[in-house]
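Please work through the exercises below with the sequence and the model open side by side. Each task is followed by a solution that goes step by step.

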Amino acid sequence: AGSLSETWRKGRDWTVDAAREAGDWTSEKYRQGRAWTGDRVSDLSNALGMPWSGGLRNGVQLPDSGAGFRFVRYGQWATGRMVAGFEYIGQKLSAAGAPAMEVGDMSYKNGGPIRRHRSHQNGRDVDIFFIGGSGDGFNVPANWTLLRSALDNPHMQVTNVFISNGREAQLLRHGRKIGDPMAARASSVMSFEPGHHDHFHIRIQ
């Protein structure tokens, strides 16, 4: 119980289900402030309101970089499940030998209006730049790995992926060609939204 109280005093954003045991594993995770898994964690962050009119309570900050990802823009906060989910995607990209993804705008620490966006206000939205860029270098296999790892993710549930029509069609063709059953799920969540020619805009539940 002492470790849990100390965590709250320090303003940490999450706790571990087994925290009351105050074991070595728990203490180490508290010191790190991250690197936890969904089956061992209660996410205490709270997405308030709607993505376009909301806030974020007890938000979790995505590290500047990690396996398979680096943060490149502003608004580096989200719900704990989104942060864990994108650390998981980075690990999948790294394991596949794919280039690292560049994570763009998420939310501000307490949510609310954020520059350049109407949404991204409550920790449930993130922009991910296409691996290889938006031109001829667009890396279809790597971007498919990114997308399917977002959809088949133990930490978060994706509800929307906003993207350009051309890239949506290209990714779905690839998924179907390789016989990936996740193509059906991808088709159900992807939709065209203007201004998304160079990145995925991913929203979670």
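This is a predicted model: local features need pLDDT of at least 70, side-chain atom pairs count only at pLDDT 80 or more; totals for chains, interfaces and linings use all residues.

**Exercise 1. Determine the strand order of the open sheet of 7 strands, and explain why one side of S6 and of S12 is left without a neighbour.**

Step 1. Reading across the open sheet, the 7 strands come in the order S6-S7-S9-S10-S13-S11-S12, and their pairing is mixed.
Step 2. Strand S6 (65-66) and strand S12 (190-192) stand at the edges with a single partner strand each, so one side of each has no neighbour in the sheet.
Step 3. Helix H5 (residues 165-177) lies across strand S11 (158-163), S12 and S13, and runs at about 150 degrees to S12.

**Exercise 2. Describe how S3 and S4 are joined, stating whether they run parallel or antiparallel.**

Step 1. Strand S3 (residues 46-50) and strand S4 (residues 53-57) run antiparallel and are joined by 5 bridges.
Step 2. The two strands form a hairpin, with 2 residues between them, and Met50 stands opposite Ser53 in S4.

**Exercise 3. Characterise the packing of H3 against H4 by angle, axis distance, handedness and contact residues.**

Step 1. Two packed helices are described by the angle between their axes and by the distance between those axes.
Step 2. For helix H3 (residues 80-95) and helix H4 (residues 140-151), the angle is about 145 degrees and the axes are 9 Å apart, while the crossing is right-handed.
Step 3. H3 makes the contact through Tyr88, Ile89, Lys92 and Leu93, and H4 through Ala142, Thr145, Leu146, Ser149 and Ala150.
Step 4. Sorted by class, this contact has 6 nonpolar, 2 polar and 1 charged residues.

**Exercise 4. Describe the largest pocket: how much space lies in it, which residues are closest to its centre, and which elements give two or more residues to its lining?**

Step 1. The largest pocket holds about 410 Å³ of space.
Step 2. It is lined by 21 residues, of which His117, Ser119, His120, His196 and His201 are the closest to its centre.
Step 3. Strand S10 (125-129) and strand S13 (199-204) are the elements that give two or more residues to the lining, and S13 gives the most, with 3 residues.
Step 4. By class, the lining of the largest pocket divides into 4 nonpolar, 9 polar and 8 charged residues.

Notes:
Residues are numbered from 1 along each chain as its sequence is written. Side-chain values use heavy atoms; hydrogens and water are left out. On a 1 Å grid over the protein atoms alone, a cavity is a set of points where a 1.4 Å probe fits but cannot get out, and a pocket is an open set with protein on both sides within 12 Å along at least five of seven lines; lining residues have an atom within 4 Å of a point. Grid points are joined across faces, edges and corners, and a volume is the space filled by probe spheres set on the points. Helices (H or I, at least four residues) and strands (E, at least two) are DSSP runs, numbered from the N terminus. Ala, Val, Leu, Ile, Met, Phe, Trp, Tyr, Cys and Pro count as nonpolar, Asp, Glu, Lys and Arg as charged, and the others, Gly among them, as polar. Axes are lines fitted to C-alpha atoms, for helices over the stretch in contact, and angles run from 0 to 180 degrees between N-to-C directions. A crossing is left-handed if the near helix is turned anticlockwise from the far one by less than a right angle, and right-handed if clockwise. Contact means heavy atoms within 4.5 Å. Two strands pair if DSSP finds at least two bridges between them.
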